[in-house]
Amino acid sequence: MARKSSGITLQQLQYFIEVAAEGSITAAAEMLYVAQPTMSAAMKDLENRVGRTLLARSARGVTLTTDGAEFLGYARQVVEQAALLEQRYLGRPPSRRLLGVSTQHYSFAVDAFVRMVKGTEASEYEFSLRETRTWDIIEDVRTLRSELGILFCNDFNRNVIAKLLRDSGLIFHPLFLAKPHIFISRKNPLAEQNRATLADIANLPRLTFDQGANNSFYFAEEILSTLSSAREIRVSDRATIFNLMIGLDGYTISTGIISGDLDPQIVAVPLDVDERIEIGWIGHSAIPLTEQAQRYLTEVRAVVSDFGVELLY
């Protein structure tokens, strides 16, 4: 592809960021109130100017090439800095689209998101928070539907998750280590105990988050996923799993970090097993985090540190 001598415009960078976020030139054009042929021509011209193919086009939309993912990181930095200049010297309001996060089903991730949104200075904003399946988190970040994802690793799933991330151009960054706990209803007799054993929970309904078509043990959100259970219920969201804890005296295994404000009827009891849960965030290896994403991670660390959890990074 021939390189043109003229430079890249800020508008082209803004268009490119929106196309990457939407995964569609047509959808990006609609979001920005631009004619589709104009948007398409702008992307072609941008690729000509940089001398590289940034978007892989198909009937289903567009995805970033390897060069496109790297270019997006720099484009975001330029647009973010330009927005800061306009806010500082022209009194312009901040951009509406600020951050997308995909996460496994953790209340601390929601709590941190709440704090981040409350702390934003934007008069208008557009955030997204997706509590979803492990595979979908990785896909969301790979395709830039979300800027970062939150998930767990341990000795059992680490190699499988690491390979999938590596193949997707993503990196796992450890955040903290947590001791396994069971989440149960306050009315459950085990709620009065200082700790629970595997024998204590053997006859209780085990509640796990359904992983859909990728329902492999390696993608489970709970440790000890290979242990057999006489009573097993899979669910798709936190509200349902909490209702089943209350209604059926069921349990799930997680980090022990639970917000009393968000989940007042659920308690965490330490589980007596020789395991640790490593929680981390995933992002593109070639794309630095935006300032807003860094603020979110700061809030995550602040939330979990209140529980005396060992921060890693």
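Biologist: What does tryptophan 135 count as, at 29% relative accessibility?

Modeller: Tryptophan 135 counts as partly exposed because its relative accessibility is 29%; buried means under 20% relative accessible area, exposed over 50%, and partly exposed in between, with a 1.4 Å probe and protein chains only. This is a predicted model, in which local features need pLDDT of at least 70 and side-chain atom pairs pLDDT 80 or more, while totals for chains, interfaces and linings use all residues. Residues are numbered from 1 along each chain as its sequence is written, and side-chain values use heavy atoms, without hydrogens and water.

Biologist: And phenylalanine 219, buried or exposed?

Modeller: Phenylalanine 219 has 10% relative accessibility, so it counts as buried.

Biologist: How many aromatic pairs does the structure hold?

Modeller: There are eight aromatic pairs. Rings of Phe, Tyr and Trp (its six-membered ring) pair if their centres lie within 6.5 Å; planes under 30 degrees apart count as stacked, over 60 as edge-to-face and the rest as tilted. Tyrosine 106 and phenylalanine 108 are stacked, because their ring centres are 5.1 Å apart and their planes at 20°. Tyrosine 106 and phenylalanine 108 are both buried.

Biologist: Why is the pair of tryptophan 135 and phenylalanine 219 edge-to-face?

Modeller: The planes of tryptophan 135 and phenylalanine 219 stand at 90°, with ring centres 5.7 Å apart, so the pair is edge-to-face. This pair joins distant parts of the chain, 84 residues apart: tryptophan 135 belongs to helix α6 (residues 134-142), and phenylalanine 219 to the loop between β8 (206-209) and β9 (232-235). Helices (H or I, at least four residues) and strands (E, at least two) are DSSP runs, numbered from the N terminus.

Biologist: Which residues form one aromatic cluster?

Modeller: That cluster consists of Phe113, Tyr125, Phe127 and Tyr296.

Biologist: Now cavities. What lines the largest cavity?

Modeller: Its lining has 17 residues, with His105, Phe183, Phe209, Thr252 and Ser254 nearest the centre. A cavity is a set of points on a 1 Å grid over the protein atoms alone where a 1.4 Å probe fits but cannot get out, and lining residues have an atom within 4 Å of a point. The largest cavity holds about 130 Å³ of space. Helix α9 contributes the most to this lining, four residues.

Biologist: And the second largest cavity, which residues line it?

Modeller: The second largest cavity is lined by Arg76, Leu144, Glu147, His284, Ile287, Pro288 and Leu289, and about 40 Å³ of space lies in it.

Conventions. On a 1 Å grid over the protein atoms alone, a cavity is a set of points where a 1.4 Å probe fits but cannot get out, and a pocket is an open set with protein on both sides within 12 Å along at least five of seven lines; lining residues have an atom within 4 Å of a point. Grid points are joined across faces, edges and corners, and a volume is the space filled by probe spheres set on the points.
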